[in-house]
Amino acid sequence: MLEARTETGIVFYDGVCGLCQRWVRFLLQRDKAQTLRFAPLQGETAKARTDLPTELRTVVFILRPGTPDEQIFTRSEAALRLLEHLGGIWRVVSWLRIIPRGVRDGIYDFIARRRYRWFGKDESCPLPPTEWQARFLP
């Protein structure tokens, strides 16, 4: 079985997006090593970082945050790197990186433009369940 990565990471997501909330839940349930932390793009942690995209149509994955080896991934690359980070069978899906990034990001953007219509939008970022609250940043 392919092992999950042990490096830490932060996932920035649109806190009011139904699709993004489902993605975060998916990651939380499968991140057995608990190496990922989560922060809404509308939150204080995201605002404190000047190197993040300002638009809310992207997921951002920062691998090894705060280290000289820090890497920032966005859009389709972030999603695929997160699957790789989970390890196991999810790492196999990361082979989709062989598809040209422009094509992947085109599909990502198509979904991102319609995500509120398809998956809903909350008025504010909901609080995570108690057992996961420590993994969320403001």
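**Entry 1: strand β2**

I began with strand β2, residues 36–40, in this predicted model. Four of its five residues are buried, so I recorded the strand as largely enclosed by the rest of the structure. For this step I took buried to mean under 20% relative accessible area.

**Entry 2: the partner of β2**

I next looked up how β2 is joined to strand β1, which spans residues 9–13. The two strands run parallel, and I noted five bridges between them. I then followed individual pairs along these strands. Gly9 has Leu36 of β2 as its bridge partner. Tyr13 stands opposite Pro40, again in β2.

I also asked which helix belongs with β1 and β2 in a β-α-β unit. It is helix α1, residues 18–30, and the unit is right-handed.

**Entry 3: the whole sheet**

In what order do the strands of the sheet lie? I read the order as β2-β1-β3-β4, four strands in an open sheet with mixed pairing. The edge strands are β2 and β4, the latter covering residues 71–74, and each of them pairs on one side only. From one strand to the next, the twist averages 20 degrees.

**Entry 4: helix α3 across the sheet**

I turned to helix α3, residues 75–86. This helix lies across β1, β2, β3 (residues 60–63) and β4. Relative to β4, α3 runs at about 115 degrees.

Two packed helices are described by the angle between their axes and the distance between the axes.

**Entry 5: Asp105**

My last entry concerns Asp105, which lies in helix α5, residues 101–119. Is this residue buried or exposed? Its relative accessibility is 7%. The cut-off for buried is under 20%, so Asp105 counts as buried. I then looked for its contacts, leaving aside the neighbours within four places in sequence. Asp105 is in contact with Arg75, Ser76 and Glu77.

Technical notes
Residues numbered from 1 in each chain as written. Predicted model: local features only at pLDDT ≥ 70, side-chain atom pairs only at ≥ 80, totals over all residues. Heavy atoms only, no water. Buried < 20%, exposed > 50% of the residue type's maximum accessible area, 1.4 Å probe, protein only. Pairing = 2+ DSSP bridges. Right-handed = clockwise from strand over helix to strand, strands pointing away. Axes fitted to C-alpha atoms, helices over the stretch in contact; angles between N-to-C directions. Contact = heavy atoms within 4.5 Å.
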